[in-house]
Amino acid sequence: MSVSQTRGYGEGLGQGANSVLGKARLILESFQHDDVELSLSELSRRTGISKASVHRLAQELVDWGMLERSGFEYRLGMRAFELGSRVPRFRVLRDAARPFMERLHFATKEAVHLAVLDGLEVLYLEKVAAAQSAKPSRIAGRMPLHATSTGKVLLAFSPPSVFEEVVSRELKRLTPHTTVARGLLVEQIRRIHTNGWGLEQEEIAPGYCSVAVPLFTGNRTLLGALSIAAPTYRADVTKLATALTEVSRRMSSANLIN
């Protein structure tokens with residue numbers, strides 16, 4: 001949702017939007033990745049909740065540490081970060097993958113990402129990249145499944161019902177190269193099963209491509225996906241896929257994640 005859009009009150013929450021918890025969730029989820037601070041009026045506009053109710057609930061969230069006050073505006077608080085970092089499933093996976101990601105980055109000099117399936121989106125848990133990396137991704141960022149190499153890989157090795165739910169909705173076009181046709185996506189998924197790795201070329205950002213592989217436990221339970229993103233002009237796709245596949249194999253055989 002862009003900052004110019006007004007969210008319908010309780011969108012996605014059903015009757016839960018009328019509860020205190022539902023309203024608090026709407027306030028917290030109003031903050032997008034590029035937002036630093038939001039005014040009371042903007043929070044009210046994005047959530048569809050009255051200013052009086054937003055003011056009261058925001059103060060409770062400030063007392064809890066989920067929000068912080070900055071003059072007349074609000075920003076996410078350290079408590080939100082602290083709670084997020086405690087999620088055990090993601091923390092264990094991130095900690096196990098980080099050393100491998102650092103070695104991949106050192107060997108390739110490209111951005112390395114760790115991602116998981118969350119609903120119908122890719123959620124990025126970790127990123128290792130040079131400071132000047134221009135690839136539009138970030139830790140805790142989300143991307144559509146149909147347009148990313150990690151998303152395509154996660155789709156390929158998830159239950160068929162996930163794929164059907166994704167294609168039952170409009171596939172958003174992010175660049176002129178984004179996959180938006182069901183048939184093309186089906187073919188890409190087929191190639192992933194054959195090759196063991198997935199590819200996207202300038203589907204998220206012009207001038208960039210990425211290669212991804214699945215991460216499994218020793219008994220072949222899907223954990224997430226690991227990817228390398230690079231400027232298209234210098235990306236050796238075969239070399240990147242080989243490096244990723246070897247890391248995926250080593251992580252699975254080492255049984256680092258149960």
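Serine 168 lies in the loop that connects α7 (160–167) to α8 (182–195); helices (H or I, at least four residues) and strands (E, at least two) are DSSP runs, numbered from the N terminus. The residue is exposed, with a relative accessible area of 57%. Here exposed means over 50% relative accessible area, buried under 20%, and partly exposed in between (1.4 Å probe, protein chains only). Between the C-alpha atoms of serine 168 and arginine 182 there are 9.3 Å, and the two residues are 14 apart along the chain.

This is a predicted model, in which local features need pLDDT of at least 70, side-chain atom pairs count only at pLDDT 80 or more, and totals for chains, interfaces and linings use all residues. Residues are numbered from 1 along each chain as its sequence is written, and side-chain values use heavy atoms, with hydrogens and water left out. The average pLDDT (the predictor's confidence in each residue, from 0 to 100) is 85 for the chain, and 84% of the residues score at least 70. For residues 1–16 the pLDDT is below 50, and this stretch has 29 contacts in the model beyond near neighbours in sequence. A contact means heavy atoms within 4.5 Å.

The chain contains nine helices and nine strands. Of its 258 residues, 44% are buried.

An open sheet is formed by three strands in the order β1-β3-β2, with antiparallel pairing. Two strands count as paired if DSSP finds at least two bridges between them. The strands concerned are listed below.

| Strand | Residues | Detail |
|---|---|---|
| β1 | 38–39 | edge strand, pairs on one side only |
| β2 | 67–70 | edge strand, pairs on one side only |
| β3 | 73–76 | joined to β1 by two bridges, antiparallel |

Leucine 38 has tyrosine 74 of β3 as its bridge partner.

A nonpolar core is a set of buried Ala, Val, Leu, Ile, Met, Phe, Trp, Tyr and Cys residues joined through side-chain atoms within 4.5 Å. The largest one has 24 residues, and Leu114 and Leu226 have the most contacts inside it. Elements that give two or more residues to this core are α5 (88–108), β4 (111–118), β5 (121–128), β8 (208–216), β9 (222–231) and α9 (237–253). Apart from its neighbours within four places in sequence, leucine 226 touches residues including Met101, Leu104, Val112, Leu114, Val213, Leu244 and Val247. A second, separate core has 23 residues, among them Val162, Val166, Ile192 and Ala205.
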